[in-house]
Amino acid sequence: MEEMSPDNIHGVILAVSSSVFIGSSFIIKKKGLKKAGVSGARAGEGGYGYLYEPWWWAGMITMIVGEIANFAAYAFAPAILVTPLGALSIIFSAVLAHFILEEKLHMFGILGCILCVVGSTTIVLHAPHEQDIESVKQVWHLATEPGFLAYSAVVLVVVLILIFYYEPRYGKTHMIVYVGICSLMGSLTVMSVKAVAIAIKLTFSGMNQFKYFHAWIFIIVVTVCCILQINYLNKALDNFNTAVISPVYYVMFTTFTIIASMIMFKDWASQSGLQIATELCGFVTILSGTFLLHKTKDMGNSTSLRGSTTHSSRDTPVFINSGSSRSSTSTRPSIL
């Protein structure tokens with residue numbers, strides 16, 4: 001096992017910090033929503049009293065800080081290291097909910113947290129070193145190589161087919177349509193975000209990168225991709241249970257991001273087959289922990305609730321909405 005580079009260490013610290021802030025923000029905002037709901041209409045009923053609640057704004061500020069840390073992490077470490085660590089936010093959210101909101105964490109939920117930690121540690125210890133990039137033009141060269149251009153073309157074609165053919169026909173009944181659009185576009189978003197983050201990092205070091213048109217093209221790509229993702233993720237959340245969307249979206253988004261990073265930045269070019277296999281095992285371990293956490297998230301609340309939740313989740317299809325997959329009591333992740 002190679003020693004971690006200083007850039008990878010910085011990236012890990014920023015990514016873990018991001019997970020702490022983002023995971024905490026959901027709990028802080030929910031506490032604010034609960035306090036606002038006591039004195040007025042709840043947010044789920046169309047109320048906006050939470051806008052006057054300091055706890056909710058504290059949660060929003062915490063989330064923004066987390067997103068900034070996550071953005072900065074891409075400037076130092078490869079996406080194959082940063083993106084999977086996003087699962088740690090689920091752990092912090094679950095643990096804080098257990099102690100602050102008294103949403104009991106089931107034994108299998110604790111096991112899910114342990115699996116996420118083990119998988120994340122495995123990836124951190126075996127992650128590839130970040131390339132030495134001295135200009136945004138170097139990132140542009142990587143983005144315009146035949147391999148990544150082919151990947152981008154395939155992604156755009158598939159997304160257009162999903163948007164114009166499958167979404168009108170199957171969008172409201174097959175979750176995979178919305179999640180597929182978000183995940184595919186998300187992989188391009190992360191590559192562009194990484195390019196912009198590198199440009200900002202180099203600019204702060206004294207080498208202005210925004211005098212090149214390449215940096216502005218990456219910013220435009222980030223903006224367009226984010227708008228598309230937010231739009232179709234909102235549609236997915238409006239039609240399907242969050243408990244089903246969250247793990248499936250995480251799996252697909254992370255998988256496509258790793259593939260895109262592998263093609264564009266050639267993250268695995270300097271690694272042995274054993275190192276790559278170990279990283280994949282770590283990724284699968286995180287996925288297992290994520291699914292276990294979401295599958296058992298309501299099992300610890302009470303015996304009666306556990307019985308009804310288990311029955312409901314067993315009958316909820318993963319890819320098809322039969323009309324009962326939405327839950328009026330499910331919590332939905334905020335979109336920044």
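**Close-up views of a predicted model**

V38 is found in helix α1, residues 6-39. Helices are DSSP runs of H or I with at least four residues, strands are runs of E with at least two, and both are numbered from the N terminus. This is a predicted model, in which local features need pLDDT of at least 70 and side-chain atom pairs count only at pLDDT 80 or more, while totals for chains, interfaces and linings use all residues. Residues are numbered from 1 along each chain as its sequence is written, and side-chain values use heavy atoms, with hydrogens and water left out.

**View A. V38 in helix α1 and its distance to G49.** V38 counts as exposed, at 73% relative accessibility. Exposed means over 50% relative accessible area, buried means under 20%, and partly exposed lies in between (1.4 Å probe, protein chains only). G49 is 11 residues away along the chain, and the C-alpha atoms of V38 and G49 are separated by 9.8 Å.

**View B. T83 in the loop between α3 (79-82) and α4 (88-99).** T83 is buried, with a relative accessible area of 6%. Its side chain makes a polar contact with the side chain of Y74, at 2.9 Å. A polar contact is a pair of N or O atoms within 3.5 Å; within protein, one must be able to donate a hydrogen and the other to accept it, and residues adjacent in sequence count only if both atoms are side-chain atoms. Not counting residues up to four places away in sequence, T83 touches Y74, V190, Y250, F253, T254 and T257. Contact means heavy atoms within 4.5 Å.

**View C. P84 in the loop between α3 and α4.** P84 is buried, with a relative accessible area of 0%. Residues up to four places away in sequence aside, P84 touches A79, I123, Y250, T254, I258 and I286. C116 is 32 residues from P84 in sequence, and the C-alpha atoms of the two are 9.5 Å apart.

**View D. Helix α6, residues 136-143, and its buried residues.** These are V136, V139, L142 and A143. They cover an arc of only 110° around the axis, which puts them on the same side of α6. The arc is that of the directions from the helix axis to the C-beta atoms. S135 caps the N-terminal end of α6, with a side-chain oxygen 3.1 Å from the backbone nitrogen of K137.

**View E. The largest nonpolar core, with 74 residues.** Such a core is a set of buried Ala, Val, Leu, Ile, Met, Phe, Trp, Tyr and Cys residues joined through side-chain atoms within 4.5 Å. L81, V139, F148, M191, I245 and M264 have the most contacts inside it. Helix α8 (residues 175-204) gives the largest share of this core, 17 residues. Leaving aside neighbours within four places in sequence, M264 is in contact with V139, L142, A143, F148 and M191.

**View F. The aromatic cluster of W140, F213 and F218.** Rings of Phe, Tyr and Trp (its six-membered ring) pair if their centres lie within 6.5 Å; planes under 30 degrees apart count as stacked, over 60 as edge-to-face and the rest as tilted. The count comes to nine aromatic pairs. W140 and F213 form an edge-to-face pair, 6.0 Å centre to centre with 70° between the planes. This pair links distant parts of the chain: W140 in helix α6 and F213 in helix α9 (residues 213-239), 73 residues apart. W140 is partly exposed, with a relative accessible area of 25%.
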